[in-house]
Amino acid sequence: MRSLTDPVATGIVLGLVIGKLIGIFDAAWLMDRFTPATKVDDYTWLDLGGLAMVAGIGFTVSLLVAELSFVIGNPHNDDARVGIFTGSTIAAVIGGSLLAVRNAHYKKLRAQGVAVDKLEAPS
């Protein structure tokens, strides 16, 4: 339990869960708003939010960076690993839940015979 309250682990969890979401979502929104690149109508901003959240799962490079950042024997080395696996798990659960809600919404629309050319976010 001590590992989860360590500032290193807390920072990693927040970075993987919130930082990835904000970074990917905001970058896509800025590109859509201020450049000629535009988001296609095949997905909604909620869909992109779910995908951005799932991006927090990427723990391979995080483990490498943690290993290079802290020498073996440093307690932050283990705390970083706990933070990486915890953050990746939280990102997977939240992102997967968002995408499951999205999938259920569109599945329901298709079952009702609604054409889903222009997607709308679930209400």
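**Close-up views of aromatic rings**

View A. With 57% relative accessibility, Phe34 counts as exposed (buried is under 20% relative accessible area, exposed is over 50% and partly exposed is in between, using a 1.4 Å probe and protein chains only). Trp29, at 37%, counts as partly exposed. This is a predicted model, where local features need pLDDT of at least 70, side-chain atom pairs count only at pLDDT 80 or more, and totals for chains, interfaces and linings use all residues. Residues are numbered from 1 along each chain as its sequence is written, and side-chain values use heavy atoms, leaving out hydrogens and water. Searching the whole structure gives three aromatic pairs (rings of Phe, Tyr and Trp, the last by its six-membered ring, pair if their centres lie within 6.5 Å; planes under 30 degrees apart are stacked, over 60 edge-to-face and the rest tilted). One of them joins Trp29 and Phe34 edge-to-face, 6.1 Å centre to centre with 85° between the planes.

**View B. Phe59 meets Phe85.** These ring centres are 5.5 Å apart and the planes stand at 55°, so the pair is tilted. Phe59 sits in the loop between α3 (45–54) and α4 (60–69), while Phe85 belongs to helix α5 (residues 75–111), 26 residues apart (helices are DSSP runs of H or I, at least four residues, and strands are runs of E, at least two, numbered from the N terminus). Phe59 counts as partly exposed at 31% relative accessibility, and so does Phe85 at 41%.

**View C. Lys39 over two rings.** Look for the charged end of Lys39 over the ring of Tyr43, 5.0 Å from its centre (a charge sits over a ring if NZ of Lys or CZ of Arg is within 6 Å of the ring centre and within 35 degrees of the ring normal). Lys39 also lies over the face of Trp45, 5.6 Å from the ring centre.
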